[in-house]
Amino acid sequence: MNFKKQVLAWLLALLVAFPLPAAVVYIPSTAQPPASNREFRAMWIATMVNIDWPSKPGLPVPQQKAELLAILDCAVKLNLNAVIFQVRPGSDAMYASSIEPWSYYLTGAMGKAPAPFYDPLAFAVEEAHKRGLELHAYFNPFRAAQPSKKWQFSSNHISRTRPDLVRQYGNLLWLDPGEREAQDHVLKVVMDVVNRYDIDAVHFDDYFYPYKQQDARNRDIDFPDSKTWKRFVAGGGKLSRDDWRRENINSFVHRVHDSIHAAKPWVKFGISPFGIWQPGYPPQVKGLNAYDSIYADSRKWLMNGWVDYLSPQLYWAVESPGQSFPVLLKWWLEQNSKNRNVWPGIASEKVGRTWKANEIIRQIQIIREQAGDRAGEALYSAEGLVQNRGGLASALAQGVYSRQALVPGSPWLNSTNPAQPRLTVAVGGKLKWEAVGNEAPFLWVVQMKTKGQWQTIILPEKVRNHSLAGTPEIVAVTAVNRSGMAGLPTVLQREEHPSK
């Protein structure tokens with residue numbers, strides 16, 4: 001027997017003595033993976049006076065980008081699923097706009113574009129979506145400016161182009177909500193962003209009419225809209241002045257809601273009003289009356305379904321006697337007759353200053369207890385989380401945010417579930433899938449069952465594969481659309497065949 005024949009004989013003997021392991025294949029399965037965890041988890045990225053980003057005006061573009069990416073990476077590490085990015089601090093723009101000037105807070109000079117040029121909002125949307133995060137574009141609707149000696153107005157600021165729509169109020173410049181053309185201008189700004197950018201939501205904060213300012217004798221200054229009010233009365237208007245102001249805001253909110261959904265039905269509209277609608281609602285609640293002072297009838301917006309989510313700013317502690325967090329949250333949830341999403345704003349910025357991290361942890365647990373699978377919250381704001389001030393970021397990541405979560409769905413925006421993806425397990429243990437149908441998913445839910453234990457991973461739409469660790473008994477992939485609606489999972493189970 002020559003050498004080659006001897007080697008072949010030895011190999012055959014080895015195969016008989018030690019057969020190759022069975023080939024692992026996956027076949028369709030009727031098994032059902034567990035439902036995905038649902039909770040809105042967002043943080044605000046405030047740009048007004050450089051609260052969160054950029055750290056100061058006029059930074060070099062590479063540093064601006066690096067700071068923003070650090071915030072988005074922090075959101076991922078915390079298993080957040082959304083950021084609320086302020087794009088319009090005061091009738092200016094943190095993005096390329098033909099309607100309003102570049103913001104001083106970005107470049108250090110109002111009207112000056114970044115150099116080398118880039119568009120921060122386009123950059124933020126792209127990078128957020130790469131990370132599986134929703135990007136909510138956050139506007140201050142009627143604030144025209146908070147003037148500073150550090151900067152000058154550009155020639156295309158609203159105070160220069162349409163001074164007839166702007167009112168001086170204390171140290172602020174404010175668009176008069178009673179002026180239809182002022183409302184039209186803000187709506188035009190909002191819809192310009194909706195139409196040109198792939199945002200996931202439009203977000204307004206609590207500034208409608210301004211909070212009361214005082215004169216030198218500490219008396220409240222009334223908002224200077226006498227001219228507009230007299231025109232309303234002369235035209236036959238019958239409302240009281242306070243009701244007229246509230247109706248200006250109500251009609252504007254309704255118009256914004258309808259305009260957004262007419263253009264892009266999947267784009268959500270959210271508002272974060274002051275956390276108290278009126279003192280006495282519920283009975284033990286005390287504090288500022290937003291209904292009377294800034295003319296915000298936020299309960300009406302929720303009850304009429306003019307918002308897709310409401311984030312009342314519940315910036316008080318659990319044990320606060322006149323503004324109890326759980327008491328206020330329960331009241332807001334009870335006003336939700338249209339079954340929209342109520343995701344309160346919580347004051348994470350107080351941790352490391354006046355609160356300990358456990359205060360925020362308790363509030364998140366209370367939200368979950370009261371809201372169930374529609375739970376969610378927005379953390380104000382990014383700076384303290386990036387700095388891990390008071391250990392809050394660590395406490396969140398190791399505790400209540402230790403697992404990923406999907407944003408609760410908004411079925412009134414789109415009740416159609418996305419199609420089941422095509423799913424295969426390639427040689428080498430790589431899970432691969434493809435989208436089916438005309439609607440591109442926003443996220444993928446990948447689930448694996450190994451030794452009886454399920455693991456869930458949420459991945460952005462552009463990711464279409466995942467390397468398996470070992471050989472799970474069951475694998476599943478589910479598509480999730482822009483409205484948070486999940487389709488049926490495609491499920492495969494392991495089956496072993498003896499090698500031949």
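1. A word on terms to begin with: rings of Phe, Tyr and Trp (its six-membered ring) form a pair if their centres lie within 6.5 Å, and planes over 60 degrees apart count as edge-to-face. In this predicted model, the structure holds 33 aromatic pairs.

2. Take Tyr-118 and Phe-123 as an example: with ring centres 6.0 Å apart and planes at 85°, the pair is edge-to-face. Tyr-118 is buried, at 6% relative accessibility, and Phe-123 counts as buried at 13%.

3. Trp-277 and Tyr-291 also make an edge-to-face pair, with 5.5 Å centre to centre and 70° between the planes. Here distant parts of the chain are linked, 14 residues apart: Trp-277 lies in the loop between strand E9 (268-271) and helix H9 (290-293), while Tyr-291 belongs to helix H9. Trp-277 has a relative accessible area of 5%, so it is buried; Tyr-291, with 18%, is buried too.

4. Have a look at what sits over the ring of Trp-277: the charged end of Arg-299, 3.9 Å from the ring centre. In Arg-340, the charged end sits over the ring of Trp-412, 4.6 Å from its centre.

5. Lastly, the serine. Ser-320 is placed in the loop between strand E10 (309-310) and helix H11 (325-334). Is Ser-320 buried or exposed? Its relative accessibility is 13%, so Ser-320 counts as buried. The Ser-320 side chain makes a polar contact with the side chain of Gln-323, at 2.8 Å.

Technical notes: Residues are numbered from 1 along each chain as its sequence is written. This is a predicted model: local features need pLDDT of at least 70, side-chain atom pairs count only at pLDDT 80 or more; totals for chains, interfaces and linings use all residues. Side-chain values use heavy atoms; hydrogens and water are left out. Helices (H or I, at least four residues) and strands (E, at least two) are DSSP runs, numbered from the N terminus. Buried means under 20% relative accessible area, exposed over 50%, partly exposed in between (1.4 Å probe, protein chains only). A polar contact is a pair of N or O atoms within 3.5 Å; within protein, one must be able to donate a hydrogen and the other to accept it, and residues adjacent in sequence count only if both atoms are side-chain atoms. Rings of Phe, Tyr and Trp (its six-membered ring) pair if their centres lie within 6.5 Å; planes under 30 degrees apart count as stacked, over 60 as edge-to-face and the rest as tilted. A charge sits over a ring if NZ of Lys or CZ of Arg is within 6 Å of the ring centre and within 35 degrees of the ring normal.
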